[in-house]
Amino acid sequence: MNADQGARDGESQSAFTPTLVTLVEAVPGSVGAIFADTDGECVDYFSRMTPYDLKVIAAYASLVLRAMTASRLGLPSRMMLSARRLTLWIAPLGEEYTLVLVMERRSWSQGLEAALDAALA
């Protein structure tokens, strides 16, 4: 799948789009990836699900990340949340941005960590 085949709501691509496409394509079971700011606002995304749903997920992921950061645990390096339908990998990029990878719930890839590391780099 290339960036033109992903749902983008008519939005133009950015310099981050190829990285997000590569991440989603590299991890089997992935349905979207989003780069968001600390408020959960979308900077860029690539999605096989509706863009609106992906953006809402990123907003909630941002809230969870903020709560974790405010706790005594501090800023996590990476978090996984697994719900009934989806699994989220939430990876902060410093204190300003977050990368969220959305996967089907029961999917797992041996190359997941390496793909996340490459996208974060």
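Colleague: What is the accessible surface of the protein chain, and what percentage of it belongs to carbon and sulfur atoms?

Modeller: The accessible surface of the protein chain comes to about 6,800 Å², computed by the Shrake-Rupley method with a 1.4 Å probe, and 53% of that surface belongs to carbon and sulfur atoms. This is a predicted model, in which local features need pLDDT of at least 70 and side-chain atom pairs count only at pLDDT 80 or more, while totals for chains, interfaces and linings use all residues. Residues are numbered from 1 along each chain as its sequence is written, and side-chain values use heavy atoms, with hydrogens and water left out.

Colleague: Which pattern does the protein chain follow along the sequence?

Modeller: The pattern is α-β-β-α-β-β-β-α, with 3 helices and 5 strands; these are DSSP runs numbered from the N terminus, where helices are H or I of at least four residues and strands are E of at least two.

Colleague: What makes the protein chain as compact as a globular protein of that length?

Modeller: The radius of gyration, taken over C-alpha atoms, is set against a globule rule of 2.2 Å times the number of residues to the power 0.38. The protein chain has a radius of gyration of 13 Å, close to the 14 Å that the rule gives for 121 residues, so it is as compact as a globular protein of that length.

Colleague: Why is Thr-98 called buried?

Modeller: Buried means under 20% relative accessible area, exposed means over 50%, and partly exposed lies in between (1.4 Å probe, protein chains only). Thr-98 has a relative accessible area of 4%, and therefore counts as buried. Thr-98 is found in strand β5 (residues 97-104), and the residues it touches, not counting those up to four places away in sequence, include Ile-34, Phe-35, Leu-65 and Ile-90, where contact means heavy atoms within 4.5 Å.

Colleague: How do you know that the buried residues of α3 line one face of the helix?

Modeller: In helix α3 (residues 112-120), the buried residues are Leu-112, Ala-115, Leu-116 and Ala-119. Seen down the axis of α3, they fall within an arc of 100°, so they line one face of the helix; the arc is that of the directions from the helix axis to the C-beta atoms. The face turned away from the buried side of α3 carries the exposed residues Ala-114 and Ala-118.

Colleague: What do the buried residues of α3 pack against?

Modeller: The buried residues of α3 pack against α1 (17-26), β4 (86-93) and β5.
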